[in-house]
Every structure is written in C-alpha cells, then in structure tokens.
Amino acid sequence: MKISRFVKYLMVFVLVLVSTTTLNYTTFVRAEEPPKVQSPQLESNPVTPESVFMSQLPNWARLVDIRTVNRNIRLDIRYATTNNFLKRKLYTVAKCALRSSVAQKLALVQTDLEKIGLGLKVYDCYRPFSVTKQMWEFLPDPNYVANPVRGSRHNRGAAVDLTLVDRTGKELEMPTPYDDFTKKAHRDYNGGSAQSRKNRQTLEDAMKKQGFIGISTEWWHFDSEDWQKFAILDVSLSEIP
C-alpha cells in the first residue's frame with residue numbers, strides 16, 4: 001500500500017522530534033556533567049531609612065537617648081573613642097540610644113540597683129549597621145561580632161553592653177574587661193575571683209528581672225527579650241535627639 005506524501009513527512013517530523021528530545025535528555029543526565037547548582041544570593045539587609053525612623057515609627061519604637069530617660073546611668077561609649085578592639089573611633093558622638101521601650105526597661109534596672117547602692121555604666125547601645133560591617137571586616141568571628149548578613153541586635157536598638165558601678169561610679173570587678181575575646185568572658189566561666197563572679201551574677205539577675213537576656217560569650221551583653229520586633233537601622237547617632 002502506498003503511503004501518501006503527507007504521511008511520509010509526518011513520520012520524518014516525528015523521528016526528528018524524538019531524536020532531538022532524546023539527545024537533549026541524555027545531555028542533561030550524563031553523569032560526567034551533573035547539573036550545576038547556583039549558589040544562593042545573600043539577601044539584602046532590611047535597613048530602615050532615616051525618614052521612617054524620624055517620623056513614621058510609633059513612640060515606643062523610636063530611638064531615644066538614654067540620658068533623656070534616666071540621667072543616672074553612666075556612659076563610657078567605647079566606640080566613640082580609640083579605647084576599643086579596633087583602636088579607632090567609629091561613632092561621631094558618645095551617645096547611648098535605644099528603642100524607647102527598651103530604654104524604659106533599662107531605666108528600671110538602674111532604679112532597682114540604686115536600692116542596693118549600685119548603678120549601671122553603659123559601653124554600647126544602638127550601633128549603626130554600617131559600623132557592624134566595619135567590625136566584621138576587622139574581626140569576622142560570629143562569636144563576638146555580628147555577621148552583617150543577619151545584622152546585630154545592636155543594629156535594632158534592642159541590645160546593650162554594660163557593667164556595674166558603685167555609688168561613686170567606680171566599676172565593680174568582673175571576670176574580664178569589656179570586649180575580652182576569650183573564654184574568661186563567657187557567662188559560665190568559673191575562674192577568676194569569687195567576687196567577680198558574684199558581681200556578674202548580680203548584673204545578670206538585675207537585667208533578667210526587667211526583660212533582658214544575656215548571651216553565652218559576653219558577660220556584658222544583654223538583648224531585650226522582644227528584640228525581634230525591631231528592624232535593623234543605619235541611622236547616624238548624631239541624628240538621634
């Protein structure tokens with residue numbers, strides 16, 4: 001039986017299509033050429049613009065100077081000086097800024113401590129995101145510096161570095177100085193003097209009572225327990241009233 005020219009063309013087309021598909025499929029699954037996996041791209045950091053910070057945030061979420069909330073809290077803002085692990089100034093002004101609700105809780109800690117003749121001295125509070133990037137370039141160790149991929153709780157205005165002082169402003173003995181990157185600074189370190197460990201515990205208890213949580217590697221660092229509700233900011237300290 002004769003096959004029409006149309007049927008012949010149709011059969012040729014099907015053969016070509018099958019051959020092409022097979023070749024493409026074979027190329028894709030060949031063991032010596034596995035599919036390439038694209039490396040995931042880092043997400044951009046959610047840095048809130050200054051306009052949002054200045055005008056659109058509710059009062060409890062705005063950054064405020066701690067001295068406008070409680071003037072009895074002493075300041076020793078290390079990154080506004082060269083007395084820090086980078087040995088250079090990173091802040092334009094020596095200011096402790098925190099979210100307003102966090103600042104109110106820190107003020108309560110100060111009030112509680114004054115009842116037993118003690119007080120707080122603050123080393124660092126809100127930290128602009130751009131400063132965290134500088135720190136990471138100098139010391140890319142997530143145990144002590146926040147990776148800019150995730151940002152820092154300091155960048156959110158919800159973390160504070162601090163110590164205890166007596167009535168005269170003299171620092172109480174602690175297991176290490178501030179920004180000591182050794183195991184002696186860990187919260188579970190059992191060395192050093194008994195008095196230093198007692199003072200560390202007094203600070204931790206006072207902070208915990210008002211809703212702050214310590215981290216394992218730094219006795220001086222505390223996060224507000226609700227830090228996750230605050231966005232990362234890159235606002236200059238000089239812009240904060």
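**Strands and their partners**

Reply: Leu118 has Asp166, in β5, as its bridge partner. The model is predicted, so that local features are reported only at pLDDT of at least 70 and side-chain atom pairs only at pLDDT 80 or more, while totals for chains, interfaces and linings use all residues. Residues are numbered from 1 along each chain as its sequence is written, and side-chain values rest on heavy atoms, with hydrogens and water left out.

Me: How many helices and strands does the protein have, and in what pattern do they follow along the sequence?

Reply: Helices (H or I, at least four residues) and strands (E, at least two) are DSSP runs, numbered from the N terminus. The protein has five helices and seven strands, and the pattern along the sequence is α-α-β-β-β-α-β-α-β-α-β-β.

Me: In which sense do β4 and β5 run, and how many bridges join them?

Reply: Strands of a sheet pair through backbone hydrogen bonds, in either the parallel or the antiparallel sense. Two strands count as paired if DSSP finds at least two bridges between them. Here β4 (residues 118–124) and β5 run antiparallel and are joined by six bridges. Gly119, for example, has Val165 in β5 as its bridge partner. β5 also pairs with β7 (residues 218–224) in the antiparallel sense, over three bridges, and Val160 stands opposite Phe222 in β7.

Me: What is the order of the strands in the open sheet?

Reply: The order is β2-β4-β5-β7-β6, an open sheet of five strands with mixed pairing. β2 (74–75) and β6 (212–215) stand at the edges with a single partner strand each, so one side of each has no neighbour in the sheet. β2 and β4 run parallel and are joined by two bridges. In that pairing Arg74 stands opposite Lys121, and Leu75 has Val122 as its bridge partner in β4.

Me: Which strands does helix α3 touch?

Reply: Contact means heavy atoms within 4.5 Å. For directions, axes are lines fitted to C-alpha atoms, for helices over the stretch in contact, and angles between N-to-C directions run from 0 to 180 degrees. Helix α3 (residues 100–114) packs on the sheet and touches β4, β5, β6 and β7, its direction making about 145° with that of β4. Helix α5 (residues 194–209) lies across β4, β5, β6 and β7 and runs at about 125° to β5.

**Burial**

Me: What share of the 241 residues counts as buried?

Reply: A residue is buried under 20% relative accessible area, exposed over 50% and partly exposed in between (1.4 Å probe, protein chains only). Of the 241 residues, 44% count as buried. In β4, seven of the seven residues are buried, so this strand is largely enclosed by the rest of the structure. β5 (residues 159–166) is mostly covered, with seven of its eight residues buried.

Me: Are Thr132 and Lys208 buried or exposed?

Reply: Thr132 lies in helix α4 (residues 129–138) and is buried, with a relative accessible area of 1%. Leaving aside neighbours within four places in sequence, Thr132 is in contact with residues including Val145, Ala146 and Ser152. Lys208, in helix α5, is exposed at 62% relative accessible area.

**Backbone and pocket**

Me: What is the phi of Lys87, and what is that of Asp179?

Reply: Most residues other than glycine have a negative phi. Lys87 has a positive phi near 60°, and Asp179 has a positive one near 55°. Lys87 lies in the loop between β2 and β3 (97–99) and is exposed at 60% relative accessibility. Asp179 lies in the loop between β5 and α5 and is buried, at 15% relative accessible area.

Me: Which residues lie nearest the centre of the largest pocket?

Reply: On a 1 Å grid over the protein atoms alone, a pocket is an open set of points with protein on both sides within 12 Å along at least five of seven lines, and lining residues have an atom within 4 Å of a point. The largest pocket is lined by 23 residues, with Pro142, Val145, Ala146, Ser152 and His221 nearest its centre. The largest share of the lining, four residues, comes from β7.

Terms used: 1 Å grid on protein atoms, 1.4 Å probe; cavity = no way out; pocket = protein on both sides within 12 Å on 5 of 7 lines; lining within 4 Å.
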